[in-house]
Amino acid sequence: MNSLEINAKIINDEIITDDMFERVGTKGLSGETLNKPSLTYWADVWRRFRANKLAIVGLILLILVVLTIYIGPLLSGKDYQYMDSSVKSLKPNSEYWFGTDDMGRDIFTRVCVGGRISILIGLSCTLVMFVIGSLLGAIAGLKGGLADNIIMRFSEFIGNLPYLIIVLILSIVLGRSIFSLVLAMSLTSWVGTTRMVRGQILQIKEQDYVEAARALGSDTKRIIMKHLLPNTLGIIMVTITMSVPSFIFGEAFLSYIGLGVRAPKTSWGALASAGQQRLMFYPHELFFPCLMIVLTMLAFHLIGDGLSDALDPKLRK
């Protein structure tokens with residue numbers, strides 16, 4: 001029996017065997033405890049998202065804004081249209097938390113109701129942008145050829161249309177309403193999403209799983225809905241979170257110049273427009289709607305930055 005058979009070594013004329021050593025660092029550990037628990041894709045995204053403190057701050061801030069605009073009128077007990085001539089242009093106090101305007105209406109309640117309309121317009125425009133842009137981009141990227149050329153040339157034509165002229169024409173034809181405002185704002189917004197999704201589809205459509213689905217007889221609709229769009233969902237979600245505040249600010253700008261929602265409905269932009277005219281003597285009328293716009297845009301941008309980092313595979317640990 002040689003030295004290999006007895007698993008021993010001779011060092012300085014002494015026989016050293018494996019039995020003379022003790023393994024350290026693995027006592028009481030099984031194979032299961034040495035491995036990290038497996039996480040799904042979205043569970044891992046949430047883990048990385050909540051590790052971003054600024055993103056969590058943005059999420060909490062957005063929740064507070066939403067709760068305020070929906071619960072605020074119930075707490076104040078005021079009607080946003082009710083006018084009381086005896087309390088005109090009051091500064092913020094214990095009864096009127098944001099003060100009153102020149103018609104004696106409670107600004108806090110009007111800010112809350114206006115926030116509902118502003119956020120509704122922002123979400124509606126984002127939804128239209130997401131649906132149209134994603135589907136057209138997926139079709140252009142997957143089909144290629146003539147379909148790709150038609151879609152991209154059409155998107156270039158729509159993207160070059162003057163934005164304010166479209167809003168003005170639709171306001172004249174359809175009237176100043178939330179529907180016409182959403183239609184005008186989302187008419188050209190899908191162009192950028194279409195190009196982005198098309199570029200992503202061109203990168204992944206040659207992957208093995210897409211070829212396998214095509215070989216198994218899957219039609220274009222199934223390939224887009226089951227394989228391509230889910231794999232571009234990460235970058236689309238980041239785009240969505242960045243688009244909502246852009247639409248809210250766009251609505252505020254249009255309302256500020258008189259092309260937004262019509263009274264008696266109101267929005268943050270309409271309130272800011274009314275407050276700007278009385279800025280020198282009653283700055284609180286402009287401050288509070290502008291504050292809500294800033295907080296909402298800040299919240300969405302912080303969430304968007306957090307999602308961008310959480311969904312980036314290069315930053316995955």
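## A buried pair: arginine 278 and glutamate 285

Arginine 278 has a relative accessible area of 19%, so arginine 278 is buried (under 20% relative accessible area; exposed is over 50%, and partly exposed lies in between, with a 1.4 Å probe and protein chains only). Glutamate 285 is buried as well, at 7%. The two form a salt bridge, with the closest N and O atoms 3.1 Å apart. A salt bridge here means a side-chain nitrogen of Lys or Arg within 4 Å of a carboxyl oxygen of Asp or Glu.

## Basis of the values

This is a predicted model, in which local features need pLDDT of at least 70 and side-chain atom pairs count only at pLDDT 80 or more, while totals for chains, interfaces and linings use all residues. Residues are numbered from 1 along each chain as its sequence is written, and side-chain values use heavy atoms, leaving out hydrogens and water.

## Salt bridges in total

How many salt bridges does the rule give? The count is six.

## Aspartate 101 and arginine 105

Aspartate 101 and arginine 105 join their side chains in a salt bridge, 2.9 Å from N to O. Aspartate 101 is buried, at 7% relative accessibility. Arginine 105 counts as buried too, at 16%.

Aspartate 44 pairs with arginine 48 in a salt bridge; their closest N and O atoms are 3.3 Å apart. Both residues are buried. They sit four residues apart in helix H2 (residues 41-50), so about one helical turn separates them. Helices are DSSP runs of H or I with at least four residues, numbered from the N terminus.

Asp44, Arg47 and Arg48 are linked in a network of salt bridges.

Technical notes. Helices (H or I, at least four residues) and strands (E, at least two) are DSSP runs, numbered from the N terminus.
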